[in-house]
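Biologist: I have a structure to look at and I am new to this. Could you walk me through it, one question at a time?

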Amino acid sequence: MHLYVVYAHPSKHSFTYEVLNYFLKGVKESGNTFEIGDLYEMNFKCELDIGQYTHEMSRTTLMPVPDDVKKEQEKIQRSDAITFIYPVWWSDCPGILKGWFDRVWTNGYAYFYDEKAGRKSFIAPKKALVICTAGHTVEYLEETGIAQSMRCIMLKDRLKNVGFTDVKMEILGGMANNNDFIKRSNLEKAYILGVDFFKN
Ligand SMILES: Cc1cc2nc3c(=O)[nH]c(=O)nc-3n(C[C@H](O)[C@H](O)[C@H](O)COP(=O)(O)O)c2cc1C
C-alpha cells in the first residue's frame with residue numbers, strides 16, 4: 001500500500017519533524033511505501049489567488065487547475081491513504097496547510113454536484129490519519145472543547161465532507177512541559193501509528 005504524507009512544519013529541528021520520522025520508520029517497517037509532501041520545503045503557495053477564487057466560485061468543473069495543485073492531486077490519486085502531520089498553532093493547522101486545503105480541494109476534484117446523486121468527490125483514497133503535536137496536554141484540549149473543535153473541522157469538514165470514510169486524529173500533546181517521558185511516549189505512539197497504519 002502507498003501513503004501520501006502531507007507535512008507542515010518549517011524546522012527540521014522540531015519535535016514535529018521527529019514525529020514525522022518515527023511515523024515513517026513504522027510505515028517502512030510494515031512493508032508499505034510513502035511519499036512526503038513537505039509544504040515548507042516545496043514552498044507551497046498557500047494563498048488562493050483571484051484566478052483560482054474565480055474558478056471556485058464559478059462552479060464550473062471544466063477549467064484547468066494550476067500545475068502545483070494538479071501535482072498534489074496526482075500524488076493523492078496514486079495513494080491508498082493520506083496522513084497529515086503538523087503542529088497545533090492557535091488551535092488549528094499552520095496557515096500553509098490551511099492554504100493547501102483552500103487550493104487543492106478544488107471544485108471538480110474534491111467535490112462537485114451531480115444532479116441525481118448530489119455532492120460527490122473524485123478523491124481516490126478513503127482513509128486518512130491526522131497527527132498533530134501540541135503544547136497543551138490532550139486532557140486540557142479535551143476539557144476546553146478545543147480537541148473536539150479540531151476534530152470537527154479537520155475530520156468532519158475537511159475530510160469526511162470530501163469522501164473520506166475512515167478518518168482519525170491523534171493529538172501528541174503536553175509538549176510545552178518539556179518533559180522527556182512525555183516526549184518519548186509521544187514518539188513511541190507515532191512509531192506505532194506508522195506500523196499499524198495499514199493493518200486497521
Ligand atoms: C505560533 C504558535 C502557536 C501555537 N499554538 C498552540 C495552540 O493553540 N495549542 C497548543 O496546544 N500548542 C500551541 N503551540 C505549541 C505547539 O503546538 C508546539 O510547540 C508543537 O506542537 C511542538 O513543537 P515543535 O515546534 O518543536 O514541533 C503553538 C506554537 C506556535 C509556534
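**A walk through the model**

Biologist: Let's begin with the ligand. Which residues come nearest to the ligand?

Modeller: Good place to start, and keep in mind that this is a predicted model. There are 14 residues around the ligand. Those that come nearest are S14, T16, T133, G135 and H136.

Biologist: How do the residues of that shell divide into nonpolar, polar and charged?

Modeller: The shell around the ligand has no charged residues. The rest divide into seven nonpolar and seven polar.

Biologist: Now the inside. Which residues have the most contacts inside the largest nonpolar core?

Modeller: In soluble globular proteins, nonpolar side chains tend to be buried together. Here the largest nonpolar core has 43 residues. The ones with the most contacts inside it are V6, V19, F23, I85, L97 and I131.

Biologist: Which helix gives the largest share of this core?

Modeller: Several elements supply at least two residues each, including strand 1 (2-7), helix 1 (15-29), strand 3 (81-87) and helix 7 (180-196). The largest share is six residues, and it comes from helix 1.

Biologist: Let's zoom in on F23. Which residues does F23 touch, not counting those up to four places away in sequence?

Modeller: F23 is among the core residues with the most contacts. With residues up to four places away left out, F23 touches I85, I131, A190, Y191, L193 and G194.

Biologist: At roughly what angle do the axes of helix 1 and helix 7 cross?

Modeller: Two packed helices are described by the angle between their axes and the distance between the axes. For helix 1 and helix 7, the axes come within 6 Å. Their crossing is right-handed. The angle is roughly 35°.

Biologist: How many nonpolar, polar and charged residues are there in the contact of helix 1 with helix 7?

Modeller: On the helix 1 side, the residues include V19, Y22, F23 and V27, and among their partners in helix 7 are L187, A190 and L193. The residues of this contact divide into twelve nonpolar, two polar and four charged.

Biologist: Is I153 buried, partly exposed or exposed?

Modeller: I153 is found in helix 6. Leaving aside neighbours within four places in sequence, I153 is in contact with D92 and R158. A residue needs 20 or more other C-beta atoms within 10 Å to be buried, and 12 or fewer to be exposed. I153 has 15, so I153 is partly exposed.

Biologist: And I123, which residues is I123 in contact with, leaving aside neighbours within four places in sequence?

Modeller: I123 is found in the loop between strand 5 (118-120) and strand 6. I123 counts as partly exposed because it has 19 C-beta neighbours inside 10 Å. Leaving aside the neighbours within four places, its contacts are I76, A110, V162 and G163.

Biologist: What is the phi of W90, about?

Modeller: Most residues other than glycine have a negative phi. W90 lies in the loop between strand 3 and helix 4, and W90 is exposed because 7 other C-beta atoms lie within 10 Å. Although W90 is not a glycine, its phi is positive, about 45°.

Biologist: Last one: is N178 buried or exposed?

Modeller: N178 has a positive phi of about 55° although it is not a glycine. The place of N178 is in the loop between strand 7 and helix 7. Because N178 has 9 C-beta neighbours inside 10 Å, N178 counts as exposed.

Key: Residues numbered from 1 in each chain as written. Predicted model: local features only at pLDDT ≥ 70, side-chain atom pairs only at ≥ 80, totals over all residues. Near = placed C-beta within 6 Å. Nonpolar A, V, L, I, M, F, W, Y, C, P; charged D, E, K, R; others polar. Core = buried A, V, L, I, M, F, W, Y, C linked by C-beta atoms within 7 Å. Helix = DSSP H or I, 4+ residues; strand = E, 2+ residues; numbered from the N terminus. Contact = placed C-beta atoms within 7 Å. Axes fitted to C-alpha atoms, helices over the stretch in contact; angles between N-to-C directions. Left-handed = near helix turned anticlockwise from the far one by under 90°.
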